[in-house]
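I set down what I looked up, step by step.

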Amino acid sequence: MNEEKKIPYKIYLTENEMPTQWYNLRADMKIKPAPLLNPETLKPMTYEDLRPVFCDELIKQELDENTAYIDIPQEILDFYKMYRPAPLVRAYCLEKALDTPAKIYYKFEGNNTSGSHKLNSAIAQAYYAKKQGLKGVTTETGAGQWGTALSMACAYLDLDCKVFMVKGSYEQKPFRREVMRTYGASVTPSPSETTEVGRKILAKYPNTTGSLGCAISEAVEVATNTEGYRYVLGSVLNQVLLHQSIIGLEAKAAMDKYGIEPDIIIGCAGGGSNLGGLISPFMAEKLKGNKDYRFIAVEPASCPSLTRGKYVYDYCDTGMVCPLAKMYTLGSGFIPSANHAGGLRYHGMNSVLSELYHQGMMEAVSVEQTSVFAAAQQFAKIEGILPAPESSHAIRVAIDEAMKCKETGKEKTILFGLTGTGYFDMVAYQKFNDGVMSDYIPTDADLQQGFDGLPDIKRAQ
Ligand SMILES: *Cc1c(COP(=O)(O)O)cnc(C)c1O
């Protein structure tokens, strides 16, 4: 009891204790994730292949599977210091309310205007674009956090920023759009008439509310057709996992400061960047055989890429213009049912996490959205923070695991990622509060439609 009291509600690192390098988990994986493939030749993507689409330095990071630690440039560290280090919070109030012997910690990444961890990678990507002398970047955004984060980073570095925003979200979240425009970004609802791929998709599905995969195709088209522009992406890619390792490195440093060892580490999983970033330094210990943490990826039952997807090569976008990645996927044509409210709607999963899951190093569970919002509300009432629906997937499972501890009397230490705040998700919260939110779990036949669109690939050796 006395010992417990020593651990404060919030553990902050000092500026001097902040990590100055990112950690690249691939360097410590014996079996590496499969390479990106060129969709035309089916050969691994080379630096030259990727140059028309991505920034040079980011391609190097994307393809680097051997360098474990990469220095964070001073300019990025300076920007990080405006909103980092992020606190590691001991959820004493939640533990008490649940009457659990579990010790619950969360790493809170919502303390910036984008309201999420996305800023950690946005500033890095914008920095390398600027350093290369580019005029601007293009991207897509779904729920809007990534677009906001990138707009902030581009404003800071004086870069142009063109955002394709999934149409359904553009219409549902006008204030997100205005935040991005306030930072100087241009925001186009996707699919749009401004690109060839957008016009094609609209001709086929005139009433579509869009998807991330489709917005990606539009953003890539504009980047490759516009002089001085490149495309950047807020999740899924290995470079994004690398930048997000700051989350896990800080969390681990904060825990080490007080001699805390997590037993279970939980994160929500859309494209996998926050989860990958949070677990990276801990997974390194597990890969080396030093520790045996449990890692749990939490995904929506309506978009279950890890729990029900296939581990195969697939397109990263609906328009099939991007490289092929080997990942757990529902097929690039998969679109979650219309009632799905809580983000995490990408059809695939980052290839590092896919490979680790395939090797049995990590678990995955799927949860239904009404139970996610119930956990969100419970958390808001007890811990004060109004969580993003995405983050609430992790809260759901953290609470479930804490309740298991109560049943078994085991004092487990649980760490979860609280990736952001939910102020712009009030339409979803309203549905929940009005009792009209429903759950939809896709049938096998629904999923088969997505699998039918998978490319037929025998990897060229
Ligand atoms: C984007 C986002 C996620 C999901 O993305 P990952 O790449 O899987 O981390 C989760 N939470 C918040 C708040 C987000 O903005």
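Which of the 17 residues around the ligand come nearest? I looked this up in the model, which is a predicted one. I found that Lys118, Ser235, Ser273, Asn274 and Thr419 come nearest.

**Entry: the shell by class.** I sorted the residues around the ligand by class. I recorded eleven polar, four nonpolar and two charged residues in this shell.

Entry: I then looked up distances between the ligand and polar atoms of the protein. For Thr419, I noted that an N or O atom of the side chain is 2.7 Å from a nitrogen atom of the ligand. For Gly270, a polar backbone atom is 2.7 Å from an oxygen atom of the ligand. For His117, I read 3.2 Å between an N or O atom of the side chain and an oxygen atom of the ligand. I also noted the cover: on its own the ligand has 380 Å² of accessible area, and the protein covers 94% of this.

Entry: The space that the ligand takes is the largest cavity.

**Entry: the domains.** I looked up the domain assignment, which gives domain 1 (3-18 + 85-115 + 245-460) and domain 2 (21-71 + 117-231). I noted that 47 residues from domain 1 and 43 residues from domain 2 take part in the contact. The centres of domain 1 and domain 2, taken over C-alpha atoms, are 22 Å apart. Returning to the ligand, I found that each of domain 1 and domain 2 gives at least three residues to the shell around the ligand.

Methods
Residues numbered from 1 in each chain as written. Predicted model: local features only at pLDDT ≥ 70, side-chain atom pairs only at ≥ 80, totals over all residues. Heavy atoms only, no water. Near = heavy atom within 4 Å. Polar contact = N/O pair within 3.5 Å; in protein donor to acceptor, adjacent residues only side chain to side chain. Areas by Shrake-Rupley, 256 points an atom, 1.4 Å probe, with all protein chains shown as cover. 1 Å grid on protein atoms, 1.4 Å probe; cavity = no way out; pocket = protein on both sides within 12 Å on 5 of 7 lines; lining within 4 Å. Sits in = over half its atoms within 2 Å of the grid points. Nonpolar A, V, L, I, M, F, W, Y, C, P; charged D, E, K, R; others polar. Domains from an automatic or database assignment. Contact = heavy atoms within 4.5 Å.
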